[in-house]
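Open the model in your viewer and keep the selection tool ready. We will go stop by stop.

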Amino acid sequence: MDYTKIIDIAAYTLPSIITGGVAYYFFQSYLKNEEGRRRFLLHKESQKTALPLRLQAYERMALFLERINPGKLLVRIGPISTDKNDYESLLIRHIEQEFEHNLTQQVYISDECWNIILTAKNTVIQTIRKTTLQVDNADKLREKLLTDLMESQSPTVLALSFIKNEITEILG
């Protein structure tokens with residue numbers, strides 16, 4: 001076979017192969033870029049609908065924490081009798097009802113935030129239970145809880161502060 005024919009075939013084939021390879025590379029890059037753009041647009045679109053739901057969940061949990069804040073809880077719910085155990089049960093029942101009403105919000109907030117809210121709720125309940133053991137009647141329970149609240153910061157305030165920080169990070 002003649003070397004000139006091989007050189008002629010190579011002269012036509014090699015540029016075709018190089019052009020095909022470059023075209024394939026650019027086509028793959030274009031497809032990858034388009035897929036990334038589509039993902040970004042879908043993510044952006046889902047954020048439009050999810051962000052208001054998430055913010056609403058944080059708002060509801062902030063309201064929950066405000067409502068179970070011992071200072072506000074004790075002002076809103078007075079004792080119905082002088083029995084300290086009845087008053088303890090009434091306060092805890094209100095806290096649990098508030099919590100159950102907002103239970104579904106955990107879907108929209110971070111696990112860390114949810115755990116902090118749970119801890120705040122349980123700490124408030126434990127504080128009420130411990131204080132009940134130290135007093136004689138419902139009025140003393142209320143008075144002691146308010147006095148203790150002035151001496152230390154409520155766990156609900158700390159949890160509310162965490163929620164505010166998390167919202168700030170979300171809105172970035």
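**Stop 1: a surface patch**

Select L14, I18, V22, Y25 and F26: they make a nonpolar surface patch of about 540 Å². Patch residues have over 30% relative accessible area and no salt bridge, and nonpolar side chains (Val, Leu, Ile, Met, Phe, Trp, Tyr) are joined within 5 Å. A salt bridge is a side-chain nitrogen of Lys or Arg within 4 Å of a carboxyl oxygen of Asp or Glu. Areas come from the Shrake-Rupley method with a 1.4 Å probe.

This is a predicted model: local features need pLDDT of at least 70, side-chain atom pairs need 80 or more, and totals for chains, interfaces and linings use all residues. Residues are numbered from 1 along each chain, and side-chain values use heavy atoms, without hydrogens and water.

**Stop 2**

I18 sits in helix α1 (residues 3–68). Helices are DSSP runs (H or I, at least four residues). Axes are lines fitted to C-alpha atoms, and angles run from 0 to 180 degrees between N-to-C directions.

**Stop 3: α1 and α3**

Select helix α3 (residues 84–101). Its axis and that of α1 come within 10 Å and cross at roughly 180 degrees. R60, F64, R67 and I68 of α1 touch I95, E98, F99 and H101 of α3 (contact means heavy atoms within 4.5 Å).

**Stop 4: α3 and α4**

Finish with helix α4 (residues 111–134), whose axis comes within 9 Å of that of α3. α3 and α4 are therefore roughly antiparallel too.

Definitions and conventions
Patches are made of residues with over 30% relative accessible area and no salt bridge: like charges are joined within 9 Å, nonpolar side chains (Val, Leu, Ile, Met, Phe, Trp, Tyr) within 5 Å. Helices (H or I, at least four residues) and strands (E, at least two) are DSSP runs, numbered from the N terminus. Angles under 35 degrees count as roughly parallel, over 145 as roughly antiparallel, 65 to 115 as roughly perpendicular and the rest as oblique.
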